[in-house]
Amino acid sequence: MTPAVIQLAAEAAERQSAEVTEVGARIAWVIGLVVFIAFVYWLMRQGWKWRGALQNDLPELPAAPDGLPEHRLALTGRYHGSTTAGQWLDRIVAHGLGVRSRVELTLTDAGLDVVRPGAGDFFVPAAQLRGARLDKGIAGKVLTEGGLLVVTWAHGDKLIDSGFRSDRAAEHAAWVEAINLMNSSITTEGAER
């Protein structure tokens, strides 16, 4: 073999070999990515706290009174959050209303009892209920048309929509009918006085 052929073979072999990965550069990239992700999560948390501070004018949520009357309806499912009524993307985070959780709903003549394991429970007195409807979404959760039970209620000077999804979605229609019937009877009684 001539020296020119050996040199050409060496150059060809050099072009075909893979570059050696620098471990230090790769570790720096991974650390940089982890720091960036941590910074984004920190910003999200600050935004959540800031939203809660803006909503601090919302009064404390009422607790269920002792000795509730017998329930009309009950369901288990998921609580998906609360928003300002009519604005399905304006999530309310004050007093834990923005925290998703399992839920046990009970409708009585006294009102709506919302029991949330792992999150704060609250009670909506019957006089504060404004209606119910089937919808497809609430802040951060979109379902099929009619897949979400949305209950509108008054708290302080604010109207709130709270989204629930039963483990058995067929129950939603009965809830809408019962809450709207309850609301119309309360409104009619108030008008007669």
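Modeller: A residue is called buried when its relative accessible area is under 20%, exposed when that area is over 50%, and partly exposed in between. Phe 164 has a relative accessible area of 1%, so Phe 164 is buried. Please keep in mind that this is a predicted model.

I will start with the strands. The sheet is open and has 7 strands, in the order β4-β3-β2-β1-β9-β8-β5, with antiparallel pairing. Its edge strands are β4 and β5, each of which pairs on one side only. From one strand to the next the twist averages 30°. Strands of a sheet pair through backbone hydrogen bonds, and the pairing can be parallel or antiparallel. At one end of the order, β3 and β4 pair in the antiparallel sense over 4 bridges. Across that pairing, Val 114 stands opposite Phe 122 in β4.

Next comes the nonpolar core. The largest one has 27 residues, and the members touching the most others are Leu 105, Leu 112, Leu 149 and Val 151. Two or more residues come from each of β1 (73-84), β2 (101-108), β3 (111-115), β4 (122-125), β5 (129-135), β8 (148-155), β9 (158-166) and α3 (172-192). The most come from α3, which gives 5 residues. Leu 105 shows how these parts meet: leaving aside residues up to four places away in sequence, it touches Leu 73, Ala 74, Leu 75, Leu 112, Asp 113, Val 114, Leu 149, Phe 164 and Trp 175.

Now the aromatic rings. The structure holds 4 aromatic pairs. In one of them, the rings of Phe 39 and Trp 42 have centres 6.1 Å apart and planes at 25°, so this pair is stacked. Phe 39 and Trp 42 are both in helix α2, 3 residues apart, which is about one turn of the helix. Phe 39 counts as partly exposed because its relative accessibility is 45%, and Trp 42 is partly exposed at 46%.

The rings of Tyr 79 and Phe 164 have centres 5.5 Å apart and planes at 55°, so that pair is tilted. Tyr 79 belongs to strand β1 and Phe 164 to strand β9, so the pair ties together parts that are 85 residues apart in sequence. Tyr 79 has a relative accessible area of 0%, so Tyr 79 is buried. Ring pairs also link Tyr 79, Phe 122, Trp 153 and Phe 164 into a cluster. The ring of Tyr 79 has a charge over it as well: the charged end of Arg 116 sits 4.6 Å from the centre of that ring.

Two loop residues complete the picture. Glu 70 is in the loop between α2 (23-54) and β1, and it counts as exposed because its relative accessibility is 71%. His 95 is in the loop between β1 and β2. Although His 95 is not a glycine, it has a positive phi of about 60°. With a relative accessibility of 29%, His 95 counts as partly exposed.

Key
Residues numbered from 1 in each chain as written. Predicted model: local features only at pLDDT ≥ 70, side-chain atom pairs only at ≥ 80, totals over all residues. Heavy atoms only, no water. Core = buried A, V, L, I, M, F, W, Y, C linked by side-chain atoms within 4.5 Å. Buried < 20%, exposed > 50% of the residue type's maximum accessible area, 1.4 Å probe, protein only. Contact = heavy atoms within 4.5 Å. Pairing = 2+ DSSP bridges. Axes fitted to C-alpha atoms, helices over the stretch in contact; angles between N-to-C directions. Phe/Tyr/Trp six-rings, centres within 6.5 Å; stacked < 30°, edge-to-face > 60°. Lys NZ or Arg CZ within 6 Å of the ring centre and 35° of its normal.
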